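Colleague: I would like to learn how the features of a model like this one are read, beginning with the terms and then turning to the cases.

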Amino acid sequence: MKRALVLCLLVLGFSVAALASPLTGSWSTTIRFDDVGGVLAINKLESIVDIDYTMSGWTFGTTAVFSESDFDNLFFQADGALGAFSFHSMLDFVPTTPMFHTWTNGVSVSLAGVDAFALFQVDNMGTAETPLIGSGATIGLQAMAGDIKVTGAAYFNMTNNTYYYWAYGYDWMVARDAYQSSCGTFGSWSTPSALPWEVQTKGCTLAWSGASIYVDFPFTCLTATAFVDFSCAKGFDGFGINLTGIETGIPWLTLEELDISFTLTTKTVVNYFGISFGDFVCVKPYITLVGKGATVIDGISLNALLLSYSFNGVTFKAGEIFTNEWYYWALNGGTHVYGFSKTGDITWSCIYNSAYDEYFGVQIDGDSCCGGAFKVGVYAFFDTSVTTSIFAWQELLASVNVGIGANTNLFFGVSFLNTGLNYFDLGVKFSW
């Protein structure tokens, strides 16, 4: 008991010291062991070191990412303000090659009711041996005049990113260039990044590529957006109007969006239907409209059900997928293949195993030593098309995440298939 008390006091002391310092950061490592013919072998190792230094409102940071065999990524980032201007910069390298990958910069300012921004990027679209360097830039603004909002941007040797600025804002855009985790695993900058904007061609001259303008305004009982596009390739690309929130007279059916766009020789009409059945207590249905083409509605399809109920720190979860492919926009928006994540959420981007169509799970949350928290999760997955295992059970996932104080986390995860041990993970994260 005395040893536990001393440990808690030491952890709390380090936590307070870290909070008082301008130097902050974290180090985390996760190791996965696979069962290979009855022998445990390291399948994956991921170690991430992140250090930030804050001074006079500026934050300078560096992040290094290591795998079991490579120094995968190294990037530097700076964020701060000078007067009314906010700045952001990120410089990225692929160390193993070694190769310069990209340098992105952003600046924003709000003056007299006008929000303006500028982006500048230098990108290596080639390899370390044969670098293909290109640069691009975007200048944009957003302003209000009564009920009218105007968003516009001009881009130079850069892909058209006005839509992202109009829909999500400047802060969302510059956050995209950071080295980010995808489905719990960090990716690699060794391939071209999936940024909302990219340099179009090699070369360091900022030739004008195009411009777009969006105007939001109230129109009778609707919300309307008019837009127009110009480009260096065609001059006038086209214009259009977007209407949202159109009532159909049926309480559970709405025409969420109607897009009408024109070029010099074409007209395109796209509509997105939506349905609403109100709030459910603990069961979430995934329902889509079934139709012929974009305008004929034949019926309603129940694609999946999720159950979640929490009581006294314990959450019971269950899910059933009846069909794993459905429209993400009703009738006219294309389809995604859906499945369960590791924790039983319905997803199309982070599917753990697309064959699983049923699961049951339990999550337990609580307090651990010295102000930390713990989380335990156990999930059983099934493939109901399989008849060779009991109850069609395929895999059991279990994980334990324990916080020791405010700055140390320990992780353990294990997977059992119906044939035996699959893998287990060990991880630690320390913050200061």
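Modeller: Let us begin with the elements: helices (H or I, at least four residues) and strands (E, at least two) are DSSP runs, numbered from the N terminus. This is a predicted model, in which local features need pLDDT of at least 70 and side-chain atom pairs count only at pLDDT 80 or more, while totals for chains, interfaces and linings use all residues. Residues are numbered from 1 along each chain as its sequence is written, and side-chain values use heavy atoms, with hydrogens and water left out.

Colleague: Where is the place of Q121, and does Q121 count as buried or exposed?

Modeller: Buried means under 20% relative accessible area, exposed over 50%, and partly exposed in between (1.4 Å probe, protein chains only). Q121 is placed in strand β7, residues 114-124, and Q121 counts as buried because its relative accessibility is 0%.

Colleague: Which residues form the nonpolar patch on the surface?

Modeller: Accessible areas come from the Shrake-Rupley method with a 1.4 Å probe, and for residues only the protein chains shown count as cover. Here the patch consists of L23, I51, Y53, M55 and F60, which together have about 430 Å² of accessible area. Strand β2 (residues 39-55) gives the most to this patch, with three residues; M55, which lies in β2, is partly exposed because its relative accessible area is 44%.

Colleague: How many bridges join β4 to strand β5?

Modeller: Two strands pair if DSSP finds at least two bridges between them. Nine bridges join β4 to β5 (residues 85-94), and the two run antiparallel, with L82 opposite F85 in β5. In their hairpin, which has two residues between the strands, G83 takes a positive phi near 65°. Strands β3 (residues 58-67) and β4 (residues 71-82) also pair in the antiparallel sense, over eight bridges, and a hairpin of three residues joins them.

Colleague: Which backbone values deserve a second look?

Modeller: Most residues other than glycine have a negative phi, and most peptide bonds are trans. S56, in the loop between β2 and β3, has a positive phi near 55°, and S56 counts as exposed because its relative accessibility is 73%. The peptide bond from T97 to P98 is cis, with omega near -20°, and P98 lies in the loop between β5 and β6 (99-111).

How values were computed
Patches are made of residues with over 30% relative accessible area and no salt bridge: like charges are joined within 9 Å, nonpolar side chains (Val, Leu, Ile, Met, Phe, Trp, Tyr) within 5 Å. A salt bridge is a side-chain nitrogen of Lys or Arg within 4 Å of a carboxyl oxygen of Asp or Glu.
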